[in-house]
Amino acid sequence: MSILAVLGGTPAGRVETPRWPQPGPRATELLSEVLASGRWTVSGPRQRDDGMEDRFARAFARFNEIAYCVATANGTSALLMALEALGVGAGDEVIIPGLTWVANASTVLAVNATPIMVDIDPETLCLAPRSVEAAITERTKAIVVVHLYSSVADLDAILTIAERHEILVVEDCAQAHGARWSGRRVGTLGAIGTFSMQQTKLLTAGEGGAAICHSVDLYDRLFQLRADGRRRAVAPVPGEMELIMDSTVMGSNYCMSEFGAAVLLDQLALLEEQHTTRDTAAALLSQALAEVLGVTLIAALPQVTTRTWYYYTFRIDRQAFGDVDAATLCQALSAETGIAFQPTYPPLDRHPLYQPHTKPRYSAEHAVRLRLDPRQFHLPEAVRAYEETVTFHHSVLLGDASELEIIPDALCKIQTVPEELQRLQREARPLSNPT
Ligand SMILES: *Cc1c(COP(=O)(O)O)cnc(C)c1O
């Protein structure tokens with residue numbers, strides 16, 4: 001008879017995960033307004049009132065306490081536009097973290113620059129400032145810093161390095177809507193902050209994104225980049241096009257639909273309260289997990305004055321768990337608790353979705369292939385994090401916090417049967433790829 005639930009034993013308990021996403025009170029009304037309006041996108045004719053996309057962009061700028069916001073189709077397009085707005089292109093190198101979603105590498109490639117993958121700081125799981133500095137060359141044009149899971153990268157150190165070398169910083173806040181660093185919203189410390197509103201994110205319309213900035217020039221470029229180069233008419237007339245063909249940069253179509261913007265206006269009103277609920281639950285869980293031998297919490301840096309929780313993460317001492325990897329432990333923990341536990345993203349040097357050589361747009365020349373080969377980068381901390389870090393989605397923290405006690409109970413139970421864990425690991429499993 002096995003003890004572990006994943007091998008047929010009795011589970012430690014059951015944590016109910018609330019449904020995510022959760023529509024708010026105004027969603028239906030706002031969506032109906034769009035349906036009836038005759039304007040389903042910013043490139044449709046102007047109506048009497050401002051469109052949802054414009055209203056959301058202003059509301060999100062206000063939320064972030066910054067002057068400008070451009071809404072986008074998704075987080076990936078926001079990143080790509082940010083790089084283009086900053087003038088990143090052919091011959092440039094862009095420093096990105098070795099542990100993140102694949103979009104950080106693919107967007108650098110997409111603007112014809114070279115992604116330079118840099119190792120992470122095990123304390124934050126975000127870019128390690130010292131490794132950033134070591135990776136700078138005369139070709140380095142920008143750093144894309146990602147605030148991963150529930151952390152904020154060491155912005156003070158990274159911004160200091162960037163300033164010293166005159167390099168631009170993009171903050172990818174796809175996972176950190178609303179977090180604060182020394183009192184300021186993340187995304188407002190670098191030149192441009194980007195966000196994703198994809199289904200799993202803290203603020204979502206299924207798909208969506210945004211780019212925020214202080215500079216009116218950058219705003220002007222971002223605005224055009226997402227609307228095929230078009231600008232807004234100075235005095236738009238109802239019934240006529242709001243976007244006009246007057247451009248200084250060539251763009252593409254990365255517009256957010258009016259439907260997405262309507263849902264985001266509804267969701268934005270819920271965000272702070274959801275943050276508070278998650279924060280209370282995370283504090284209870286962290287307190288309980290601190291008692292478990294072989295578990296290390298990921299603490300926020302002292303400058304993080306508001307912490308947000310996208311994926312709750314903790315590290316394991318593998319020796320305390322039969323020396324198995326995080327993927328195996330996640331499998332066991334999921335069966336014990338009913339929560340979908342996942343390891344981190346695979347490190348980018350071995351990420352199954354990062355395959356530049358499959359794109360005909362890049363030259364097959366040997367030198368180009370070498371330059372884009374991710375295996376050249378040395379990412380030992382990202383690899384270690386992948387092997388030792390356990391994560392679960394923030395929706396779990398929106399449920400009944402008292403049920404979270406089951407997680408430390410399950411960890412203690414799992415520790416008693418290392419030989420069962422080892423048996424589990426011997427069975428092959430495919431890589432898991434959370435967004
Ligand atoms: C989700 C995510 C993206 C991509 O956003 P999409 O809206 O899915 O295009 C980029 N970076 C990070 C860190 C993300 O988590």
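The legends below describe close-up views of a predicted model.

The model is predicted, so local features are reported at pLDDT of at least 70 and side-chain atom pairs only at pLDDT 80 or more, while totals for chains, interfaces and linings use all residues. Residues are numbered from 1 along each chain as its sequence is written, and side-chain values use heavy atoms, with hydrogens and water left out.

View 1. Helices (H or I, at least four residues) and strands (E, at least two) are DSSP runs, numbered from the N terminus. Ten of the twelve residues are buried, so H9 is largely enclosed by the rest of the structure. Buried denotes under 20% relative accessible area, exposed over 50%, and partly exposed in between (1.4 Å probe, protein chains only). The buried residues are Ala326, Ala327, Thr328, Leu329, Cys330, Ala332, Leu333, Ser334, Glu336 and Thr337. Their cover includes the strands E14 (311-316), E15 (342-343) and E16 (389-393), together with the helices H11 (380-388), H12 (406-415) and H13 (418-426). Just after H9, Gly338 adopts a positive phi of about 85°.

**View 2. Packing of helix H8 (residues 258-289) against H12.** The two helices, H8 and H12, pack at an angle of about 25°, and their axes lie 9 Å apart. H8 is therefore roughly parallel to H12, a term that applies to angles under 35 degrees. Axes are lines fitted to C-alpha atoms, for helices over the stretch in contact, with angles running from 0 to 180 degrees between N-to-C directions. On the H8 side, Leu285, Ala288 and Leu289 meet Ile407, Pro408 and Leu411 of H12; contact means heavy atoms within 4.5 Å. By class, this contact of H8 with H12 has six nonpolar, no polar and no charged residues. Ala, Val, Leu, Ile, Met, Phe, Trp, Tyr, Cys and Pro count as nonpolar, Asp, Glu, Lys and Arg as charged, and the others, Gly among them, as polar.

**View 3. Ser286 within helix H8.** Ser286 has a relative accessible area of 16% and is buried. Apart from residues up to four places away in sequence, Ser286 touches Leu297 and Tyr312.

**View 4. Backbone geometry at Pro21, Glu166 and Asp323.** The peptide bond from Trp20 to Pro21 is cis, with omega near 0°, and Pro21 is placed in the segment before helix H1 (27-37). Glu166, in the loop between helix H6 (155-165) and strand E5 (168-172), has a phi near 55°, a positive value in a residue other than glycine. The relative accessibility of Glu166 is 74%, and this residue therefore counts as exposed. Asp323, in the loop between E14 and H9, has a positive phi near 65° and is likewise a residue other than glycine. At 44% relative accessibility, Asp323 counts as partly exposed.

**View 5. Trp101 and Tyr354.** Trp101 occupies the loop between strand E2 (93-97) and helix H4 (103-110). Its relative accessible area is 21%, which makes Trp101 partly exposed. The C-alpha atoms of Trp101 and Tyr354 are separated by 9.8 Å, although these residues are 253 residues apart along the chain.

Terms used
Angles under 35 degrees count as roughly parallel, over 145 as roughly antiparallel, 65 to 115 as roughly perpendicular and the rest as oblique.
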